[in-house]
Amino acid sequence: MRRAALGVTVAALIAVGACGPADDGDAKAEPSATPSPTQPARPGEIRDPKAHVSYVLPQGWYAKPPDTVVGLYSSVASTVDPKATDPTAKPTADPKNPLGTFMVGVVDTKVYVAKPRSMPEMAETVGRTQLELIYPAKAQDSVRSSEAARLDGRNAWLMDIECAPEDKKVAPFRLRVTVIDTGAVPIYMLSSAPSSATERFAEIESIERSVRF
């Protein structure tokens, strides 16, 4: 079981993975190469200049402005139209139109260089902290899978975490965490959807496969 204090959680996630390479004057790591501007944009492509990646959103997904207050993510997308009148949908909203989210962030190089972490450790730290941001009440979290992966020729680690809220009125949901070794500053991808929304996870996997550096 867990009960998160939101302020502590936000601070923890900032420490683990909120800052970009430009924020770190002490680390020696260099950011990965920016996607070449000479390459034509793919249909639905989003280019993230801070994380130095691009990815393609499927139909029904929308890019959203990253949070400028806490600054945890360099790019954000979801299945909620930003022009909608009610932008406050939760991961367990309308079962006929389940919410999916996809976010990209840059790992804090001060933390990464000062205290090296294995990719599984980094994935679990970022993932569990993010779960407490999504649902800070009591819940049972369990790791469904944790395995090495490859994304656009780079080593990565994929962790799939299930969250079962104690409140039975709130449906279980899953968080996918992918940490990518760019050869310089690692980045992470976070995606979530209700556990039963298999179509959303298929779309999320298509976004992950579309990642290009």
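How many bridges pair strand β8 with strand β9, and in which sense do the two strands run, parallel or antiparallel? Strand β8 (residues 173-180) and strand β9 (residues 187-194) are joined over eight bridges in the antiparallel sense, where helices (H or I, at least four residues) and strands (E, at least two) are DSSP runs numbered from the N terminus, and where two strands count as paired if DSSP finds at least two bridges between them. Within this pairing, Val 179 has Tyr 188 of β9 as its bridge partner.

The model is a predicted one, in which local features need pLDDT of at least 70 and side-chain atom pairs count only at pLDDT 80 or more, while totals for chains, interfaces and linings use all residues. Residues are numbered from 1 along each chain as its sequence is written, and side-chain values use heavy atoms, with hydrogens and water left out.

**The sheet and its helices**

Strands of a sheet pair through backbone hydrogen bonds, either parallel or antiparallel. Here seven strands make up an open sheet with antiparallel pairing, in the order β3-β4-β5-β9-β8-β7-β6. At its edges stand β3 (62-64) and β6 (139-151), each of which pairs on one side only. On average, neighbouring strands of this sheet are turned by 20° against each other, direction ignored; axes are lines fitted to C-alpha atoms, for helices over the stretch in contact, and angles run from 0 to 180 degrees between N-to-C directions.

| Helix | Strands touched | Angle between directions |
|---|---|---|
| α3 (residues 119-134) | β5 (101-106), β6, β7 (154-165), β8 and β9 | about 140° with β8 |
| α4 (residues 198-209) | β5, β6, β8 and β9 | about 165° with β9 |

**Rings and charges**

A search of the whole structure finds one aromatic pair, a term used for rings of Phe, Tyr and Trp (its six-membered ring) whose centres lie within 6.5 Å, with planes under 30 degrees apart counted as stacked, over 60 as edge-to-face and the rest as tilted. The ring centres of Tyr 55 and Phe 102 are 5.0 Å apart and the planes stand at 65°, so this pair is edge-to-face. Because Tyr 55 lies in strand β2 (residues 53-56) and Phe 102 in strand β5, the pair ties together parts that are 47 residues apart in sequence. Both Tyr 55 and Phe 102 are buried, which means under 20% relative accessible area, whereas exposed means over 50% and partly exposed in between (1.4 Å probe, protein chains only).

A charge sits over a ring if NZ of Lys or CZ of Arg is within 6 Å of the ring centre and within 35 degrees of the ring normal. Arg 174 has its charged end over the ring of Phe 201, at 3.9 Å from the centre, and Arg 154 lies over the face of Phe 213, 4.1 Å from the ring centre.

**Three single residues**

Pro 98 belongs to the loop between β4 (75-78) and β5, and it counts as buried because its relative accessibility is 4%. Apart from neighbours within four places in sequence, Pro 98 is in contact with Thr 79, Pro 194, Ala 197, Glu 199 and Arg 200.

Glu 132, in helix α3, has 21% relative accessibility and so counts as partly exposed. Glu 203, in helix α4, has 19% and therefore counts as buried. The side chains of Glu 203 and Arg 200 are joined by a polar contact of 3.0 Å, that is, a pair of N or O atoms within 3.5 Å, of which, within protein, one must be able to donate a hydrogen and the other to accept it, while residues adjacent in sequence count only if both atoms are side-chain atoms.

Note on methods: Contact = heavy atoms within 4.5 Å.
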